[in-house]
Amino acid sequence: MRHADTICGALLAALGCALIVSGAGFPAGTGGLPGAGFFPQAIGALMALLAAALLVRGLRHRSEGPFSITNMREVAVTAALLLAYLLLWGSGWFVVRTAVFLAIMLSLLGQRWIPALGYASALSILVYLAFDAGLNVTLE
Amino acid sequence: MAEILAGLSAVLAWQVLGFLAIGVCLGAVFGALPGLTATMGVALLTPLTFWVSPEQGLAMLLGIYCGTIPSGGIPAILINVPGTPASIAASWDGYALTRKGQAGLALGINALASTTGQLTSIAFLAFLAFPIASFALRFGPAEYFGLTLLGVSLMAGVSGGHVLKGVLSGTLGLALALVGLDPMTAYPRYTFGMSEFLDGISFVPVMIGLFGLGEVLVQISDRQAARASAAAAIGRVLPRIADAKRMARATFSGAAVGTMVGAIPAAGGDIGAVIAWEQARRTSSDGDSFGKGSLSGLAASCSACNAAIGGGMTTMLTLGIPGDAVSAILIGALLIHGIQPGPLLFANNQAFVFSIVFPMIFASLLIMVIGILGAKPLAKVLSIPAPWLWAGIIVFGTVGAYALNNAVTDVWAMYVAGIAGFLFRKTQIPLGPLVLGLILGPLMESNLRRALILSRGDWSAMLTRPILLVFLTATLLSLLWPLIRARRGAAKRSQGRIPDA
């Protein structure tokens, strides 16, 4: 877990520094008032300070090893399916597209094909009726 | 007394009660579906009220408002996905109770504490409306800044034992809140030339992603644990008398905090619930159990987020100032029906004021009955096979995020937040502070800078404002309290009074 602390600390420290640097490029305030860069710099400084503390803590306990993600394949496949579903958003056939996406996801998660397809179809139709027909949210 | 009876008799017509019941049921559906908010429900159904009498139309809108917030706690408790932003704090203890096999009790407490919060705030509205509203009116930018600073300082408290990571998570939320136009000069910050980012990052899709999609990915990763929790018992619904007595203080103090915060324009139930939860944790003798399934923690947050309804209505009716987006739409509906909210409403038409108070009372009682009777059937959702439940969360979350603005960027925000939520959970980074930072960041920045404009850039002039000083003191105490507790704990351990953990 401490390995994760080191990575998070380093990433957030870099983000904090980026906020400080980018904030300096925003227009300054006038008449002693803070400008658009004041808050980014203040938050960046706070983040860099706290992240440095996390980084040091992580480095001190390096021997405790990295964190692990179990069932990595299923998580990755679900994330990839979500990405594909999102990339196809608005391409038409909402009910069919959603039903197919859900059925594939359910079958990859160990569910039988036919019940999965039935449930996915029913869920897609329900969502379509509730949002598109009921609430006038255009789902394509 | 005559005004009270006139208000009551206007409400007791069966048509009014019927529209009220329809509103409560619709509100319950809107609250239970992540992405659908009270604002959306009231806005969608306001045109329908033009076809009926003002009493009937208003009863339906109030029913939606009073029904949405308590039912927002249902998905927060059962599947760790807050139905509304106000229910974020309810998920901290509510979902922990579900994992312990006490989903029924969590839902029962949600119903009871929500109604207690609503009824308490309605009592404030009926009898103390003007003092509360005049207190809320004393809030200028400096006081708002103090309130938001106090809210941000609670990050450490809601970090569940990971203080450093919690504060960092909150700082990340504050950083995300910087995206969009600068609140004072409209200078674009971190938009990368994309017009979609000019309005900033909406926190509702982020919330759905962090808590909903993130939870789904975690459960896919830990499938054994997911199966165990799905098989958990529902348990009893109503708390035992002894538990109710233990929760009473947290419930009523949560109601008071929620009413006061709700009365302050732009500070709603989401902020009120977090402040009430943290206050209850600090004052409880069992503060360490908060976030791990504390009944008092759940009661305080549910009570506060619902009490904000009465607080917001108080400011709206007495001053004509909308406390939040729902109140703004309600003001519009009232104006269309020929009713002008403001001080004269209380002076000239007190019967009408009570014709608002009584529907709210009936609505909060009805949602309590629905909540208690529906607790066991609703908790059956836990016996649905986990992959089917995940599919439902993903599709409702996705479409709910899209429905907010009909924008696919909100769905992207939800998915990115979902992946981040998964990684954060795996690395034990608390999620609550991030959402807190995202909500409070814009309020804190804009109000500090407005206050400095009013004081002509003089920081010390702000310290002459007593309400701000109270908030600054509370913030300081809030930051020092974990250190004080740690020192006291260490002192006790060194004296051998309590065993080392």
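1. Which residues have the most contacts inside the largest nonpolar core? They are Leu210(B), Met313(B), Leu317(B), Leu330(B), Ile356(B) and Met360(B), in a core of 112 residues. A nonpolar core here is a set of buried Ala, Val, Leu, Ile, Met, Phe, Trp, Tyr and Cys residues joined through side-chain atoms within 4.5 Å. Helix H20 (residues 432-454) of chain B gives the largest share of this core, 10 residues.

2. The model is predicted: local features need pLDDT of at least 70 and side-chain atom pairs count only at pLDDT 80 or more, while totals for chains, interfaces and linings use all residues. Residues are numbered from 1 along each chain, chains are lettered from A, and side-chain values use heavy atoms, without hydrogens and water.

3. Leaving aside neighbours within four places in sequence, Leu330(B) is in contact (heavy atoms within 4.5 Å) with Val42(B), Leu61(B), Tyr65(B), Met313(B) and Met316(B). Another core, of 72 residues, lies apart from the largest one and includes Leu389(B) and Val411(B).

4. The axes of helices H2 (residues 14-32) and H16 (residues 350-373) of chain B come within 10 Å and cross at roughly 50°. H2(B) is therefore oblique to H16(B), oblique being what is left after under 35 degrees (roughly parallel), over 145 (roughly antiparallel) and 65 to 115 (roughly perpendicular). Among the residues making the contact are Leu17(B) and Val24(B) of H2(B) and Phe362(B) and Ile370(B) of H16(B).

5. Thr115(B) lies in helix H6 (residues 103-137) of chain B. Thr115(B) counts as buried because its relative accessibility is 2%, where buried means under 20% relative accessible area with a 1.4 Å probe, protein chains only. Not counting residues up to four places away in sequence, Thr115(B) touches Ser364(B), Leu365(B), Ile367(B) and Met368(B).

Note on methods
Axes are lines fitted to C-alpha atoms, for helices over the stretch in contact, and angles run from 0 to 180 degrees between N-to-C directions. Helices (H or I, at least four residues) and strands (E, at least two) are DSSP runs, numbered from the N terminus. Buried means under 20% relative accessible area, exposed over 50%, partly exposed in between (1.4 Å probe, protein chains only).
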